[in-house]
Amino acid sequence: MGNLCTCFSPKTPVKTKKPAKSLQGNSQTGPNSSNRWTRIRSTRKDTHDAMIHEQALAAAILFRQHQQQNGSDSGSFPFDRSVSLRYPNRSGSKKTQLPRSSSSRARSLTDPLLQPHQLVNRDIKLDDLETNHVVLVHGGGFGAWCWYKTIALLEEDGFKVTAIDLAGSGIDSFDTNSITSLSQYVKPLTDFLEKLADGEKVPHVYVLDEQNKPVIIFKQLSLAIDIALLILVVSFGIPSHMGLAFTILVGHDFGGACISYAMELFPLKVSKAIFVAAAMLTNGQSTLNMFSQKAGSSDLMQQAQIFVYANGNNHPPTAINLDKSLLRDLLFNQSPSKDVALASVSMRSIPFAPVLEKLSLSDIKYGTVRRFYIETSEDNAIPITLQESMINSSPPEKVFRLKGADHSPFFSKPQALHKLLVDISKIPST
């Protein structure tokens with residue numbers, strides 16, 4: 001204890017009457033204390049200066065890398081709003097490229113056909129299109145939710161997009177087991193088409209050729225001129241029709257049969273119909289008939305089907321569920337895991353009665369709508385051979401193929417699918 005007191009006691013007593021001497025005489029205490037704090041302050045300042053120097057050096061390096069990446073050693077450039085670190089361009093090419101994020105998540109290789117910069121500034125002239133309104137119709141078990149990537153991409157390009165929830169699908173509250181007809185299942189779509197605003201009308205007149213096929217002769221003229229031309233054509237006894245093209249219908253999977261049904265009811269309100277890995281049927285054919293043509297072509301589909309008998313086992317099935325353990329292999333074999341997870345908690349039963357119903361399709365109505373088909377090469381639900389069989393049975397105007405796409409290209413190939421939808425929308429009338 002004594003030693004401890006001795007350590008903390010001053011060696012020379014401080015005289016209050018002679019502060020000057022005291023300060024000079026305290027050469028062992030006052031100066032040591034002052035020097036110690038001076039050294040601490042100096043050390044902190046040196047550390048702070050070193051930190052600023054390091055930050056400035058890092059900023060200079062990033063600045064230089066950004067200049068090299070943009071192929072320029074001088075001049076101003078817009079700073080990226082993101083605070084993420086960006087990788088420099090290692091390709092050696094001076095071609096302008098979008099910076100890559102330093103996210104630790106592995107880059108997806110499921111959509112290699114398009115790079116992001118190919119979707120920037122596409123310069124789409126919407127005024128030159130027949131219509132910029134795209135209506136998306138999901139397949140069996142899906143809902144409007146499955147189009148979320150496609151909706152975002154189309155809206156970014158200025159399109160008006162409507163995604164329909166068919167009866168008992170998505171957030172529609174109707175009981176799937178109570179759906180007894182295709183018309184009941186498709187009612188949300190037909191109700192929507194029936195109520196389309198008049199402001200979207202694009203008048204056109206078409207006649208039927210020798211093979212009873214529609215040929216458009218006037219389009220996007222004034223309504224008065226079109227009516228006059230129609231009267232003139234009819235006066236010569238030529239079968240004709242005046243149309244009002246409102247939308248581009250896009251159907252996926254069983255949604256192909258649904259948009260076909262709508263095209264027969266409202267041919268005047270559909271500019272183009274796009275079948276994406278979809279059931280494209282002929283007159284008098286049902287979706288079940290279509291699948292029966294290629295028996296055994298999708299054994300995985302048969303394994304995944306679970307029939308629901310809400311009215312009892314002595315009655316026909318009311319709905320079909322899909323085994324969730326087989327969903328990835330059947331529908332999403334090329335899709336990101338997060339989208340598979342979304343689908344596994346969002347998919348609902350497929351009503352059985354509409355699958356059995358045969359379509360009634362006519363040349364004068366359904367046949368007047370321009371059809372396009374998008375094939376999916378890695379499809380395990382509707383194999384490419386079955387898709388080509390449907391195409392050969394009822395040839396559309398043009399066929400496109402998404403290489404590497406599974407049955408759900410809106411998940412596995414969203415950008416490539418978007419590009420095709422835009423390209424088809426730009427195809428002019430013949």
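Reader: How many helices and strands does the protein have, and what makes a stretch count as one or the other?

Author: The protein has 15 helices and 12 strands. Both are DSSP runs, numbered from the N terminus: a helix is a run of H or I with at least four residues, and a strand is a run of E with at least two. Please keep in mind that this is a predicted model, where local features need pLDDT of at least 70, side-chain atom pairs count only at pLDDT 80 or more, and totals for chains, interfaces and linings use all residues. Residues are numbered from 1 along each chain as its sequence is written, and side-chain values use heavy atoms, with hydrogens and water left out.

Reader: What share of the residues is buried, and what makes a residue buried?

Author: Of the 430 residues, 40% are buried. The word stands for under 20% relative accessible area, while exposed is over 50% and partly exposed lies in between (1.4 Å probe, protein chains only).

Reader: Why are α5 and α7 called oblique to each other?

Author: Helix α5 (residues 182–194) packs against helix α7 (residues 255–265) at about 55°, and their axes are 10 Å apart. Axes are lines fitted to C-alpha atoms, for helices over the stretch in contact, and angles run from 0 to 180 degrees between N-to-C directions. Under 35 degrees is roughly parallel, over 145 roughly antiparallel, 65 to 115 roughly perpendicular, and the rest oblique. The angle of about 55° belongs to the rest, so α5 and α7 are oblique.

Reader: Which residues of α5 and α7 meet, and of what kind are they?

Author: From α5 come L182, S183, Y185, V186, L189, T190 and L193; from α7 come C258, I259, Y261, A262 and L265. Contact means heavy atoms within 4.5 Å. These residues divide into 10 nonpolar, two polar and no charged. Here Ala, Val, Leu, Ile, Met, Phe, Trp, Tyr, Cys and Pro count as nonpolar, Asp, Glu, Lys and Arg as charged, and the others, Gly among them, as polar.

Reader: What makes the phi of D253 and of A277 worth a look?

Author: Most residues other than glycine have a negative phi. D253, in strand β6 (residues 247–253), is not a glycine, yet its phi is positive, about 60°. A277, in strand β7, is not a glycine either and has a positive phi of about 45°.

Reader: How do you know whether D253 and A277 are buried or exposed?

Author: Set each value against the cut-off: D253 has a relative accessible area of 11% and A277 has 0%. Both values are under 20%, so D253 and A277 are buried.

Reader: What covers the buried residues of α13?

Author: In helix α13 (residues 384–393), the buried residues are I384, L386, Q387, S389, M390 and I391. Their cover includes β7 (270–278), α8 (287–293), β11 (370–376) and β12 (398–402).
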